[in-house]
Amino acid sequence: MRLRFAPFLLLMMAAGLSAAAQNDSLAFRRAPLLARGINLSNWFASSSDLSAAHIAKQVTPVDLKLIHDLGFSYVRIGFEPAQFMANGGFDSADNRAALARLDEAIREAISNHLAVALCLFPTDDYKRTLQGQSGADQFLFLWRMLAQHYASMDSDHLFFELINEPELNDPYRWNGLQAATVSAIRGVDSSHTIIATGSFYSGLPELLKIEPVRDNNVIYNFHFYEPMPFTHQGATWGSFEWNYYKDIPYPASPEALGEALANVPDESARYTLYLYGAAGWNRSSMLGRLMFARQWADSHHVPIICDEFGAYKSTVPSDSRTRYLRDVRSDLEQLHIGWSMWEYSGGFGLVSRTADGSAIPEAATVDALGLHMPSR
């Protein structure tokens, strides 16, 4: 199947990701397919309903066509491992049916000229098992089985992402488990490109702590939600102080945050917000931070992507959110780092749904991402 590429993707493929991108490894040659992506959240993971009916309506072939027409080059599909594992394998009829639905989703995305990053997206309980040997063994076994299952599927356009945010706050243990998993996959599949990550929540600081695995067909990723007081303001999960934040602007300065600071009743939360303003967050300051990712990748001669960034649409001021998304995206592209926005639909979403389920892209966000609204 021949894929049609957006102009930006063709530019990246012609110019290369960086000087280090002259490397002729499969990972470097395939990395440009991950230039501009979108996360398809709550489809095969992170949902209380993973039934066939939910899978069929959460993301449809119409959605995948729209994603391509907007100018994205790939989608990131997370999957919950419990759907596919029973008694150490794909044994039950339910497991086989779930796997068949995932197979069809991947094929449908590729048929819509989109590459796919297939990412293990487990629950927190599953991630905690990785601290023990039994959980680590199950993790290796699962990826060996999945790699064997997908060994014959389009290796140029299907990527294996080992896990979303492993939450192992021990970079040494995670480095070892990640290397062992790559080795397990290579025991049955030598062709698919693997996407690896840092420990804990896959942030930029965690990326800088890892050593690349001994495999030249691996791309490395990190997540970028900094600064959290802005991107997660009003969120009811995570840090308690986010609940206090409202109408927090971007770019930031102490003067711009004067009224918002006065309205925060908790001293600790007010101090955290003050630090956000004092740091002077803007496009230039973010570029300086993201430069560390570019330098890490260049020093290790490996390709790199940022496969999550975004801001909470429900509570972030819309004009500030647009500026933030534009700045992060522009900085990543300036550094020749492929990216994937969180998320297609949902609290951080690119689209809203009509009563009949149709997806309506937010024009300002599309523009901030350097994409284009499709012609009707």
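Before comparing any helices, I note that their axes are lines fitted to C-alpha atoms over the stretch in contact, and that the angles run from 0 to 180 degrees between N-to-C directions. I also note at the start that this is a predicted model.

**Entry 1: helices α7 and α8**

I began with helix α7, residues 133–150, and helix α8, residues 171–186, and found that their axes come within 8 Å and cross at roughly 30°. Angles under 35 degrees count as roughly parallel, and α7 and α8 are therefore roughly parallel to each other. I then looked up the hand of the crossing, and α7 passes α8 in a right-handed one. Next I listed who meets whom: from α7 there are Q133, A136, F139, L140, W143, R144 and A147, and from α8 there are R173, W174, L177, A180, T181, A184 and I185. Sorted by class, this contact of α7 with α8 has 10 nonpolar, 2 polar and 2 charged residues.

**Entry 2: helices α5 and α7**

I stayed with α7 and turned to its packing with helix α5, residues 93–111, where the angle is about 55° and the axes are 13 Å apart. How do α5 and α7 lie to each other, parallel or oblique? With that angle, α5 and α7 are oblique to each other, and α5 passes α7 in a right-handed crossing. On the α5 side I wrote down L99, L102, D103 and I106, and on the α7 side L146, H149 and Y150, as the residues that make the contact. By class, the contact of α5 with α7 divides into 5 nonpolar, 1 polar and 1 charged.

**Entry 3: helices α13 and α14**

From α13, the residues R283, M286, L287 and L290 meet Y324, D327, V328, S330, D331, L332 and Q334 of α14. The residues of this contact of α13 with α14 divide into 6 nonpolar, 2 polar and 3 charged.

Is K127 buried or exposed? The relative accessible area of K127 is 5%, and since buried means under 20%, K127 counts as buried. Which backbone oxygen does the side chain of K127 reach? I found that the side chain of K127 reaches the backbone oxygen of E165 at 2.8 Å. Leaving aside neighbours within four places in sequence, I listed P122, I163, N164, E165, P166 and E167 as the contacts of K127. One of these, E167, made me look again, as E167 has a positive phi of about 60° although it is not a glycine. I located E167 in the loop between β4, residues 158–161, and α8.

S202 lies in the loop between β5, residues 194–197, and α9, residues 204–207, and at 1% relative accessibility S202 counts as buried.

I went on to N217, which has its place in the loop between α9 and β6 and counts as buried at 4% relative accessibility. A polar atom of the N217 side chain lies 3.3 Å from the backbone nitrogen of A27, and I found a polar atom of that side chain 3.3 Å from the backbone oxygen of H192. Beyond four places in sequence, N217 is in contact with residues including L26, R30, R186, S190 and I194.

I noted A35 in the loop between α2, residues 26–30, and β1, residues 36–39, and A35 is buried with a relative accessible area of 1%. Between A35 and D94 there are 59 residues in sequence and 35 Å in space, taken from C-alpha to C-alpha.

Last, I looked up peptide bonds, and the bond from E226 to P227 is cis, with omega near -5°. P227 is found in the loop between β6, residues 218–224, and α10, residues 228–231. The bond from Y250 to P251 is also cis, with omega near 0°, and P251 sits in the loop between α10 and α11, residues 258–262.

Technical notes: Residues numbered from 1 in each chain as written. Predicted model: local features only at pLDDT ≥ 70, side-chain atom pairs only at ≥ 80, totals over all residues. Heavy atoms only, no water. Buried < 20%, exposed > 50% of the residue type's maximum accessible area, 1.4 Å probe, protein only. Polar contact = N/O pair within 3.5 Å; in protein donor to acceptor, adjacent residues only side chain to side chain. Contact = heavy atoms within 4.5 Å. Helix = DSSP H or I, 4+ residues; strand = E, 2+ residues; numbered from the N terminus. Parallel < 35°, antiparallel > 145°, perpendicular 65-115°, else oblique. Left-handed = near helix turned anticlockwise from the far one by under 90°. Nonpolar A, V, L, I, M, F, W, Y, C, P; charged D, E, K, R; others polar.
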